[in-house]
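This report goes through selected local features of one chain. Keep the sequence and the structure at hand while reading.

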Amino acid sequence: MNFYSNPHAPRRTRLSGAETGLLVGIAALTALALLGPALSAGAHPHSFADQRTVWGIPCALDVLSNVPFAVAGCWGLVVLRRVAAGTLDVRWRALATLFFVGLLCAALGSTMYHWQPQDTGLLWDRLGMVLPFAGLLGLAAAGRVSMGAGRAVAAWVLVAGALAVVWWAHTGNLFPWAVVQIGGMLVVLALACLPRQHGALTIHLGAVMVLYALAKLFEAADHFVFAATLQSVSGHSVKHLLAAGAAAPVVVALHALRYNCLNGSPCKAAAGQNGVGAGGVVRRPCV
């Protein structure tokens, strides 16, 4: 039995309004991905602005700028491990672990791709991106709707994202992948407008959205940024740094939880059944 479960707690048989709205949104995105028009990647999908070789590393800055993804992933896993076992619900831990391990996979996939840009590497790059994306959307939905919604959204992103990447690899149609990426961020934006669930991790979704939007902007302006900076750094390299920075709000939320516990104060969630708040954070002195 799950340590935090309560066998006597009544089970909900109806979806809440937020859960229903989220379900409708996910269904609409799925239909759009399946029925939408074909989208080509263009004639030169791998023509990045910065092609310089440094220290024997081809496309060096686009390769090396993936290091922050690995740093963020390792940092997050270390902080998560240091949060006391009785402080954070195992379901929150699972979603956070998916996010941080996903960052490590994204770092590896993107490094492989940018070392030698071609479709095969891009396949692994995008598959690596699916994992942290699923973890992030799962954490967002769990914090603003319910834990059940968080797990469902994470599962949808894992399945839909992987299928969209495979579909692109076989057909060249990028539209389903674009729906997963852009639609997923629209879901996060909508969730950011909802009040935080009682006891949820205090992840600043607004900061995540701003960093992600800036990352996409610099990605689109790859060549322009390279020219504007007198060929010192490209927009794609900056995109990597900003996207890795989007992990900071999750790490900060875990740091805050651990800080409260180390200072002997009750963890910030109000107690529910068996001492567990709605968001899965326990209210009791930490040891």
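The model is a predicted one. L39 is located in the loop between α1 and α2.

Leaving aside residues up to four places away in sequence, L39 touches G172, N173, L174, F175 and A178.

## Helix α1

Helix α1 covers residues 17-35, 19 residues in total. From its first C-alpha to its last it reaches 27 Å, close to the 27 Å expected at 1.5 Å a residue.

Which residues of α1 are buried? They are E19, L22, I26, L29 and A33. These residues lie on the same side of α1 because they cover an arc of only 90 degrees around the axis. An α-helix has 3.6 residues a turn, so residues three or four places apart point the same way.

What covers the buried residues of α1? The cover includes α5 (119-144), α6 (147-171) and α7 (175-192). On the face turned away from the buried side, α1 carries the exposed residues G17, V24 and L35.

## Aromatic pairs

A pair of aromatic rings is described by the distance of the centres and the angle of the planes. Two aromatic pairs are present in the structure. One of them is formed by F48 and Y113, with 5.8 Å from centre to centre and 75 degrees between the planes, an edge-to-face arrangement. This pair links distant parts of the chain: F48 sits in the loop between α1 and α2 (60-64), Y113 sits in helix α4 (residues 90-115), and the two are 65 residues apart. F48 and Y113 are both buried.

The rings of F99 and F100 also pair, with centres 5.3 Å apart. Their planes meet at 55 degrees, so this pair is tilted; the edge-to-face class requires an angle over 60 degrees. F99 and F100 are buried.

## A charge over a ring

Where does R126 lie relative to W168? R126 is placed over the face of W168, 4.7 Å from the ring centre.

Key
Residues numbered from 1 in each chain as written. Predicted model: local features only at pLDDT ≥ 70, side-chain atom pairs only at ≥ 80, totals over all residues. Heavy atoms only, no water. Helix = DSSP H or I, 4+ residues; strand = E, 2+ residues; numbered from the N terminus. Expected span 1.5 Å × (residues − 1). Buried < 20%, exposed > 50% of the residue type's maximum accessible area, 1.4 Å probe, protein only. Arc of directions from axis to C-beta. Contact = heavy atoms within 4.5 Å. Phe/Tyr/Trp six-rings, centres within 6.5 Å; stacked < 30°, edge-to-face > 60°. Lys NZ or Arg CZ within 6 Å of the ring centre and 35° of its normal.
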